[in-house]
Structure formats: C-alpha cells, structure tokens
Amino acid sequence: MSDPGTDSSHDAGHDVEGSETATAHEPEESLRSMLRGALREEEPPPNVLAGVQKRIRERSKGKFYADGWSTAKHPPLNTYLVTSLLMLAILIISYALLSPLVGSPVPVRNQPVPVQLIPH
Amino acid sequence: MADRRDVAAHPVYRAGGVTDADEQSERKFIERLAQRDERAFNELVELYEARVFRLLLRMLGRRDEAEDMAQEVFVQIFKAVGTFRGDSKLSTWIYRVSVNLCKNRMKYLARRHSEGEDELEPVAERAALDEAKGVTFGDVAQPDRLVEGYQIERVVQQCIAELDPDFREVLILRDLEDLSYEELSEITGLADGTVKSRLHRARSMLKANVERKMGEKIR
C-alpha cells in the first residue's frame, strides 16, 4: 500500500529505537488528564467538504466534481422539480400568447389571366 | 445524505465489535471509493473530517493550519484510495495518511521558522506561570482557579509543541485518540516494542518539561 506523504525516515526494521527494551507502561492518569484538558476542543470542527471538493475539481481540471450538482451533499430534487415546472409554465404562457397571432391561413384565389399574343 | 445519526451507525465509523457484515459493508464502501464515486467520497469526508481535523489540530497546534491540512489529507486520500488494498482498517489508513502529511508539513514549517519567519503562536508568559504552581486540572473546579488552570493548559500546549514530532505523534494517537498499540504500529510503521518505548519516552519528556516549567512535580 502506498501512502501519500509517507515519511521514509521511519522504517519498522531500522528504527534506532527498535533495539531498546520495550517498556510498556500504563499511562499515568494525571498526565493523561492533563493532556486531555490542555488539548480539549472548544470550537466545533469546521466543515471541510466544500474545500476538498473545490481542490479536487481544480486539480483534476474539472474531471471530478465538475458541476454544482455533483458537489451538493444531497441530490437537489427540489431544484430539478422547480426548474421543470418553470419551463413548463413558460411554454404554456408562450403558446397562449402566440397562438392568437397565428390565425388560419387566408385562401388566395388565383384568377387565370388571358394570354395576349403580341403580333409580329 | 448522511446525517449525524447515519454517521454514528455507519459500519466504517463504528468503533469496536466489527462483524462480518461490517467488514463486507466497508469493502463495498472502499470499492465505491476506488471507482471514484463522488457521493461515496462525500460520505467518507463527512465520516472522518472531525477526527482528522482534531488529530491535525493536536499535532499542529493551529486551527487554520489544521483546516488547510485536513482538506489536503482528503485530497490525497481521493487520489490514493485506489492503492488501498484493505490490509488494515480504512480508519487506520486515513490516520496514517494524516500523520505522514502532517509530519511533512511540520518539517516544512520548522524550516520556514528556522529561516526567520515566526510560525508559532505566542507562548505562555513565564511570569504568569509562577501563579499557577501546584495547580492541577482536578483543582480547576473553583472559579478563582480557572485562570491558573488556563495557564497550565498553555504550559502543557507549549510543552507538547516542543516535543519532537515522532514523540508527539505516538503520544497524541495513544493518550488522546485512544488507539491501540497495534493500530499505532500500523500507522507509524514501527515495531510494537518500539512504539511502546517511544510512547514511554514521550510521556517522560513531556512530564519532565511540564514540571520544569511549573517548578514542581505533577500530582
């Protein structure tokens, strides 16, 4: 498995501390509680998803997360529905407005014209 | 797609008690990720962003750096998830990627710092520490000792920041993230015994440093 950013300076078999005697000690509770107290979270973690999607989109030159739809957390069903209804309404209104202008075709009567012969 | 309730119930997120069904579910999830399923990746980010950010914040000590780094971690995971063979748990692999990238960033920041730019937060003032002597976190129940408790926190934060990244890494993963020695071994790539000895040394160094700054032993 290749890991991005792997730190090659620490090989399991070649670490200088590998020869040291493994002395496993249970954590001293006072030290542990002190650590937890000092590094406790006070603010909620940020939402990084939008930033991640933006970076991937930019670096893949639009191959991934190419549009606004795919970056949404949820499928935008409401947007699809509203857009469809809006388009339908526009078509109906256009038809209603334009249909009176388009009347039935007026018949054109073509009278046969007598042919005049020009004498020489 | 995945709200908090879903996240808590997600087999990839659930801690302990891993069943065959969970493993199968994780395998399917990984397959979707490997196929570059964007929705699966969104789920992954939502599942792990808090844990990754918390780890990075503890390692780096700066919120802005941790947020930037967290985004970079997920970008690298997106790129490399196809190489994940499932030898370890997905969460362990994500920790491993996070730790490796974080250590690289720390080296970069240290280089920049040594070149003259101060990248660190202002440290706790030494004069204020004298008033915090002998105060432990157990004493901070009383309001009048809150300020002293805050000063101790600053000392501890400073001491953690002064630890070598290799020691800081095992200390945070074990004592704050509650990972097992086996997981630590997989994340760091070190032998089990080395992890234990390094952890012991990290605790000793931190304790000694805090005691030196505080002027008395930790109770």
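The model is predicted, and the predictor gives the complex an ipTM of 0.73 and a pTM of 0.66. Where pLDDT is low, predicted coordinates should not be read in detail.

**Confidence in chain B**

- Chain B has a mean pLDDT of 80, with 74% of its residues at 70 or more.
- The pLDDT is also below 50 over residues 1-8 of chain B, a stretch with 13 contacts in the model beyond near neighbours in sequence.
- Among the elements of chain B, the highest mean pLDDT, 95, belongs to helix α4 (residues 63-80), while helix α6 (residues 126-129) has the lowest, 39.

**Chain A**

- Three helices and zero strands are found in chain A, and its pattern along the sequence is α-α-α.
- Of the 120 residues in chain A, 8% are buried.

**The largest nonpolar core**

- In soluble globular proteins, nonpolar side chains tend to be buried together.
- The largest nonpolar core here has 58 residues, and those with the most contacts inside it are L56(B), A70(B), F74(B) and V156(B).
- Helix α3 (residues 38-60) of chain B supplies the largest share of this core, with twelve residues.
- The core lies between domain 1 (1-121) and domain 2 (122-219) of chain B, because both domains give residues to it.
- Beyond its neighbours within four places in sequence, L56(B) is in contact with A66(B), M69(B), A70(B), S98(B) and C102(B).

Key
Residues numbered from 1 in each chain as written. Chains lettered and ligands numbered in written order. pLDDT = per-residue confidence, 0-100. Helix = DSSP H or I, 4+ residues; strand = E, 2+ residues; numbered from the N terminus. Contact = placed C-beta atoms within 7 Å. Buried ≥ 20, exposed ≤ 12 C-beta atoms within 10 Å, placed from the backbone. Core = buried A, V, L, I, M, F, W, Y, C linked by C-beta atoms within 7 Å. Domains from an automatic or database assignment.
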